[in-house]
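Hello,

Here is the structure I promised to pass on to you. Please open it alongside this note, and I will walk you through what turned up.

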Amino acid sequence: MTAIRVCALSELEQDSALRVEVDGVAICVVKDSNDDIHAIGDVCTHGDVSLADGFVDGDTIECWAHGSAFSLLSGRPLNLPAYEPVPVFAVQIQGDDVFIDPSVKKDLS
Ligand code: FES
């Protein structure tokens with residue numbers, strides 16, 4: 001699969017998240033406080049909750065339901081109750097467009 005345009009860069013506000021769906025995969029697209037763009041799986045691993053409805057703080061996003069914060073860099077939860085990571089996807093920026101290929105997980109090694 002090739003990367004799909006998911007939104008315009010200008011649609012993303014600093015320290016906020018947007019839920020998009022690509023090929024049936026729910027993805028949380030985040031612009032952090034450094035204006036870096038991240039893409040992680042949108043469904044919290046503790047429950048069926050959209051992480052895009054949570055709170056962006058630095059390079060983390062906190063699930064609004066029970067407070068687990070997930071690293072936007074690794075997808076790992078930093079505190080309970082969630083203990084399983086969410087996937088992290090590679091993001092491509094071309095001009096004002098944000099592209100994501102949900103079949104390509106970011107290399108975290
Ligand atoms: S549903 Fe996200 S921490 Fe519980």
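Let me begin with Arg19 and Asp42, whose side chains meet in a salt bridge with N and O 2.9 Å apart. Please keep in mind throughout that this is a predicted model. The pair links distant parts of the chain, since Arg19 is in strand S2 while Asp42 belongs to the loop between strand S4 (37–41) and strand S5 (55–57), 23 residues apart. Asp42 has a relative accessibility of 1%, so it counts as buried. Arg19, in contrast, is partly exposed, with a relative accessible area of 44%.

Arg19 has another partner too: Glu21 forms a salt bridge with it, and there the closest N and O atoms are 3.3 Å apart. With 52% relative accessibility, Glu21 counts as exposed, because the cut-off for that class is over 50%. Through shared partners, the salt bridges join Arg19, Glu21 and Asp42 into one network.

How many salt bridges are there by this rule? The count comes to three. Besides the two already described, Arg5 forms a salt bridge with Asp97, and the closest N and O atoms are 2.7 Å apart. Arg5 lies in strand S1 and Asp97 in strand S9 (residues 97–105), so this pair ties together parts that are 92 residues apart in sequence. Both ends are partly exposed: Arg5 has 42% relative accessibility, and Asp97 has a relative accessible area of 25%.

Which residues form the negative surface patch? They are Asp15, Asp35, Asp36, Asp57, Asp59 and Glu62. Two of these are worth a look for their backbone as well. Asp15 sits in the loop between strand S1 (4–8) and strand S2 (16–22), and its phi is near 60 degrees, a positive value in a residue other than glycine. Its relative accessible area is 34%, so Asp15 is partly exposed; the patch takes in residues with over 30%. Asp35 is found in the loop between strand S3 (25–31) and S4. Although Asp35 is not a glycine, it has a positive phi of about 70 degrees. At 44% relative accessibility, Asp35 is partly exposed.

The loop between S7 and S8 gives you two prolines to look up. Pro81 lies in that loop, and a cis peptide bond joins Leu80 to Pro81, with omega at about 15 degrees. Pro87 is also there, in the loop between strand S7 (69–71) and strand S8 (88–94). Pro87 is partly exposed, with a relative accessible area of 32%.

Last, the cysteines. A disulfide is a covalent bond between the sulfur atoms of two cysteines. How many disulfides does a search of the whole structure find? The search finds zero. Cys44 has 6% relative accessibility and counts as buried, and Cys63, at 3%, counts as buried as well.

I hope this helps you find your way around.

Best wishes

Methods:
Residues are numbered from 1 along each chain as its sequence is written. This is a predicted model: local features need pLDDT of at least 70, side-chain atom pairs count only at pLDDT 80 or more; totals for chains, interfaces and linings use all residues. Side-chain values use heavy atoms; hydrogens and water are left out. Patches are made of residues with over 30% relative accessible area and no salt bridge: like charges are joined within 9 Å, nonpolar side chains (Val, Leu, Ile, Met, Phe, Trp, Tyr) within 5 Å. Accessible areas come from the Shrake-Rupley method with a 1.4 Å probe; for residues, only the protein chains shown count as cover. A salt bridge is a side-chain nitrogen of Lys or Arg within 4 Å of a carboxyl oxygen of Asp or Glu. Lys and Arg count as positive and Asp and Glu as negative; His and the chain ends are not counted. The place of a charge is taken as NZ of Lys, CZ of Arg, CG of Asp or CD of Glu. Helices (H or I, at least four residues) and strands (E, at least two) are DSSP runs, numbered from the N terminus. Buried means under 20% relative accessible area, exposed over 50%, partly exposed in between (1.4 Å probe, protein chains only). A disulfide is a pair of cysteine sulfur atoms within 2.5 Å.
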